[in-house]
There are 2 protein chains.
Amino acid sequence: MSNYQAPLQDMQFLLFDVFAVDQQWRQSPALASVLDRDTASAMLHEAGKIAGECVAPLNRSGDEEGVQWIDGVVTTPNGFKQAYDTFCESGFSALTGNTDYGGLGMPKSLSVLVDEMMYAANSSFNLYVALSSGASMALDAHGNEFLKQRFLPNLYSGRWGGTMCLTESHCGSDLGLIRSKAEDFGDGTYGLTGTKIFITGGDHDLSENIVHLVLAKLPGSPAGSRGISLFLVPKYWVNEDGTLGAANGVTCGSVEHKMGIKASATCVMNFDGARGYLVGEVNRGLQCMFTMMNCERLSIGIQGLGCAEASYQSAVAYARDRVQGREAGVKSTMDADPIIVHADVRRMLLDMKSTTEAGRAFAVYLGMHLDQAQYAPSAEARYQADAIVALLTPVAKAFFTDLGLDSTVLGQQVFGGHGYIREWGQEQLVRDVRIAQIYEGTNGIQAMDLIQRKVFANQGESLKTYLHEIRRFLQRDWQGEQADFADQLQQRVAQLSELTEVLLQRAQHSPYELGAAACDYLHVVGYVTYGYMWMKMLSACAPNTASHLTKQKTGAYYFKRVLPRVDSLIASIQSGSDPVMSLLAEEF
Amino acid sequence: MSNYQAPLQDMQFLLFDVFAVDQQWRQSPALASVLDRDTASAMLHEAGKIAGECVAPLNRSGDEEGVQWIDGVVTTPNGFKQAYDTFCESGFSALTGNTDYGGLGMPKSLSVLVDEMMYAANSSFNLYVALSSGASMALDAHGNEFLKQRFLPNLYSGRWGGTMCLTESHCGSDLGLIRSKAEDFGDGTYGLTGTKIFITGGDHDLSENIVHLVLAKLPGSPAGSRGISLFLVPKYWVNEDGTLGAANGVTCGSVEHKMGIKASATCVMNFDGARGYLVGEVNRGLQCMFTMMNCERLSIGIQGLGCAEASYQSAVAYARDRVQGREAGVKSTMDADPIIVHADVRRMLLDMKSTTEAGRAFAVYLGMHLDQAQYAPSAEARYQADAIVALLTPVAKAFFTDLGLDSTVLGQQVFGGHGYIREWGQEQLVRDVRIAQIYEGTNGIQAMDLIQRKVFANQGESLKTYLHEIRRFLQRDWQGEQADFADQLQQRVAQLSELTEVLLQRAQHSPYELGAAACDYLHVVGYVTYGYMWMKMLSACAPNTASHLTKQKTGAYYFKRVLPRVDSLIASIQSGSDPVMSLLAEEF
């Protein structure tokens, strides 16, 4: 039932009108050499076409068929291989890849939008691609020249896929506990043994080979997270001449049966003395993972955004079509009106629309900072951008996906009973998006990361820088309603600032204070950030452009009906950790 | 994986310590003759046993198997028939039935708790029972003596099931649009023709016969909802001697494939000149339905509560068992601690616990008012109770189920990745509870019912009565922390009162005002009501009883971390309908 249409107009509005991202591209020689405004627009157009015409039509059939596991071999649903080939042939598997090894070297400010389209069209499908991209990025950052030359070109072309093998059955959030072992063969290769679970794309039939990045411990390494190394283990050994050799002791033991993303192979992977290479330094495996974490987390966050957009588009179409009840206060000759006339239906649609559009802006904003962190000419600018990325990535991951669930639930609700039936596709979006709050670090872990490592650890410095940026942006001559919104946001920024001070104080004395506040605190930062994004969008609206008028009304909805949510969150946090911690474990 | 244990201790605390419901039972001769405190406790114990040992073990297998539809015949999953027989033989299918026709005549204040247990154990299973019970209630209220004698005893015994056939493909919320037709055969029977969809239990193999209550239009009846009549149409015609005759032109065209409640048969029912009886008066069909609506809506609300409780129990067990990460601020010799030590995990568990316990209290409170509306000696008392029931039933239905989704999502989140995998059962609870926000009137419809019919239509009179009751209850000599909570609730009541005045004023001038406020308004009433329930529970706590200390801590969590949510809701409502209505339909 999906009729997904990439929101190209809104994307271009963000890139060029709101953020003038092409200026940033022009300032970096590396970026200026690969794209300009027209190339970017053409690529978005092409991605939208593939998403809408090629990937989206497989979303429901993929959910119905799921992946098949037979004797250790995983088969993806009908049509996935063909769509994958189209996607790769169009260059999208190489989108942000290093140009030295066959990548296209495109900026994150562009790829976040492509990511949104693909997740919106088919989350299961895009996961194969996203994991390959993540593995490539880790390899590019930490692999030696030999590994990069041998593996990156085929990863970029999509001939080979990539995975990240971190989780084991007894540890997910707490990777210090992992038990997988690596043995040094003394010839520059290592033997990997252990079982990994929840491995996305651990086995499948889309590519000729699969490159696994595996966390494991070498003998005698320190306990906990300081004793973990990263290894590259191919499914089929790659010969000197680049041809594929024998199967390499990596097998898929089973696939999980899940609530959603059923066309994504979530595998139990058994490593039985499988041969691999060390990536980066011994015992620095977790750090290697962390360098790419910000991109991966943002990507998974964008799954939330994409699913919300897909659900919104279907809900609007249904609300225009479905007649039921009459418009309040209007004498109509109709038996019933389209349900889009009802205020409560509009509330649902506007909750979705106002948060998804702000989220899209935030994704571009973060993408630009990721680009700056990589390409800015001065070290200072790179450092500044990196600090913003570090601060806001957990917010994006958790907030996009929390609101992604809320939005898809609303989009399902608009359909009434028909939303609960499989054929309309709205319930699938709820099931598919739900995982995004869990994987790539649960949203609870993101909240702790934000409040503990990104705020407390530097005594709120990065946050201050960010809030200062917002304050500075608000110091312009806003007119009319926008002046009110700017005032409101100014107040929220002050509240957040004050709240942070209080928490930093309290955390000196109570070990539970940050944990008790974490989730609500992240949401406060999220809502304030969306307010900032809305002010940026409003500032780019021309008075007489129809689409800009709609923007302004949607922004007004955000300030009047959504932003006030921070009041309750702050009140809840203010009550401190005592109410959270006072029960003994056995009292639950 | 379910290990559901009915929370009997909490249920008895509510019935006897908080609400002294046995006093109310003793005051009614009808109730006093069928139960006392010991009978009630024994029945709860027996229901808990059936729920835990007999019904819960079928929850996951039922989800995996689903219902089968083959050539118009529906088969329930393995074990359902046996569990149904056990349930009925133990008398629970007759629980609240009229004693004149073989019912047990038990009060709603008891049956709400049995309902909670059964929904917690297996929502799909309990739906068959709940629909039969609803159909029996409608028949008892509106059928003539002939119909009651012929049909009620077998409905109560469970030999026959019952359904409610309201929805058609083009109308659910707006029943005025229905097209099913009835033809008067002139011999006291009617011929029914049309297609109904989403009919829970429309066909199945649990009972010998199925009694359909069907809304349809007689020729020449007025347009819209004033021209709808109610008919009883058995699957097999019932002969004069009570034996079953031929199949009666009612067939199940298909079953829906749904997000959840997969073991519940959701049927497309085709009536092809099927013979039936008129129930109640011509063109009063909707009114007949409405008399039982309050019970049905409360029952469906309780599905939300039951699923939340089941999810909570599993989440607590998992949080005690799963080790991951270390307790903040504690030097431990362990590699990792059970995750129940983490503040953010406790936040999730306490959100669930504090709202589910308040919800259970509210269910008993409403059950008692339903009993009063039926059994109170004075007409005045019956009228008063009925007004409270009418006011608060939409709140219970929507608030229980909205928080039911929130709770099951939290319970799933506690499990991390394992919550997304089918084998643990947490994801099923999310899928199963989701329907409860939709059927039996979507929560948007409940919100409109509350604000429009139950508040606006009587200029806030019922609400005033209710708030006055809360205020009166709060006027006692609260000690310590409870005095703060009483103050807080007092303030919230004042805010709600003021908000209502504002809305009533505005609604005079703007037709959209109520609709734009509806959903948030219902949540405000819900949170205030839960605060009231918590004060009732706190007032029944003895200082040195261990379970009561836990209650007090849980109540404190509610006031400090949950009740503040009303701040944002009120702020959002205050902004009025303009932000909701300003977009043109084509701007979405």
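Trainee: Leaving aside neighbours within four places in sequence, which residues is Cys519(A) in contact with?

Mentor: Cys519(A) is in contact with Ala447(A), Asp344(B) and Arg347(B), once neighbours within four places in sequence are left aside. Contact here means heavy atoms within 4.5 Å.

Trainee: Before we go on, what should I know about the model and its numbering?

Mentor: This is a predicted model, where local features need pLDDT of at least 70 and side-chain atom pairs count only at pLDDT 80 or more, while totals for chains, interfaces and linings use all residues. Residues are numbered from 1 along each chain as its sequence is written, chains are lettered from A and ligands numbered from 1 in the order in which they are written, and side-chain values use heavy atoms, with hydrogens and water left out.

Trainee: Thanks! Where does Cys519(A) sit?

Mentor: Cys519(A) has its place in helix H17 of chain A, residues 513-539. Helices (H or I, at least four residues) and strands (E, at least two) are DSSP runs, numbered from the N terminus.

Trainee: Is Cys519(A) buried or exposed?

Mentor: Cys519(A) is buried, with a relative accessible area of 15%. Buried means under 20% relative accessible area, exposed means over 50%, and partly exposed is in between (1.4 Å probe, protein chains only).

Trainee: Let's zoom out. How many helices and strands does chain A have?

Mentor: Chain A has 20 helices and eleven strands. Its radius of gyration is 24 Å, close to the 25 Å that the globule rule gives for 588 residues, so chain A is as compact as a globular protein of that length. The radius is taken over C-alpha atoms, and the rule is 2.2 Å times the number of residues to the power 0.38.

Trainee: And what box do the C-alpha atoms of chain A fill?

Mentor: Roughly 80 × 60 × 60 Å, taken along the principal axes. Buried residues make up 64% of the 588 residues in chain A. Among contacts in chain A between residues at least 6 apart in sequence, 74% join residues at least 24 apart.

Trainee: Which residues have the most contacts inside the largest nonpolar core?

Mentor: Those are Tyr521(A) and Tyr521(B), in a core of 349 residues. A nonpolar core is a set of buried Ala, Val, Leu, Ile, Met, Phe, Trp, Tyr and Cys residues joined through side-chain atoms within 4.5 Å. Not counting residues up to four places away in sequence, Tyr521(A) touches several residues, including Leu450(A), Ile451(A), Val455(A) and Ile573(A).

Trainee: Now helix packing. How do H7 and H8 of chain A pack?

Mentor: Helix H7 (residues 108-121) and helix H8 (residues 123-142) of chain A pack at an angle of about 150°, with their axes 7 Å apart. That makes H7(A) roughly antiparallel to H8(A). Angles over 145 degrees get that label, on a scale of 0 to 180 degrees between N-to-C directions, with axes fitted to C-alpha atoms over the stretch in contact.

Trainee: Which residues meet there?

Mentor: On the H7(A) side, Lys108(A), Asp115(A), Met118(A), Tyr119(A) and Ala121(A) meet Ser123(A), Asn126(A), Leu127(A), Ala130(A) and Met137(A) in H8(A).

Trainee: What about Gln303(A), is it buried or exposed?

Mentor: Gln303(A) counts as buried, at 0% relative accessibility. This residue is found in helix H10 of chain A, residues 285-321. Beyond its neighbours within four places in sequence, Gln303(A) is in contact with residues including Tyr119(A) and Ser123(A).

Trainee: And Asp371(A), buried or exposed?

Mentor: Asp371(A) is buried, with a relative accessible area of 1%. It is found in helix H11 of chain A, residues 343-375. Among the residues that Asp371(A) touches, not counting those up to four places away in sequence, are Trp25(A), Pro107(A) and Lys108(A).

Trainee: Last topic, backbone. What is phi for Ala20(A)?

Mentor: Ala20(A) has a positive phi of about 45° although it is not a glycine. Ala20(A) lies in the loop between helix H1 (8-18) and helix H2 (21-27) of chain A, and counts as partly exposed at 23% relative accessibility.

Trainee: And where does Gln459(A) lie?

Mentor: Gln459(A) lies in the loop between helix H14 (443-455) and helix H15 (461-474) of chain A. Its phi is near 50°, a positive value in a residue other than glycine.

Note on methods: Angles under 35 degrees count as roughly parallel, over 145 as roughly antiparallel, 65 to 115 as roughly perpendicular and the rest as oblique.
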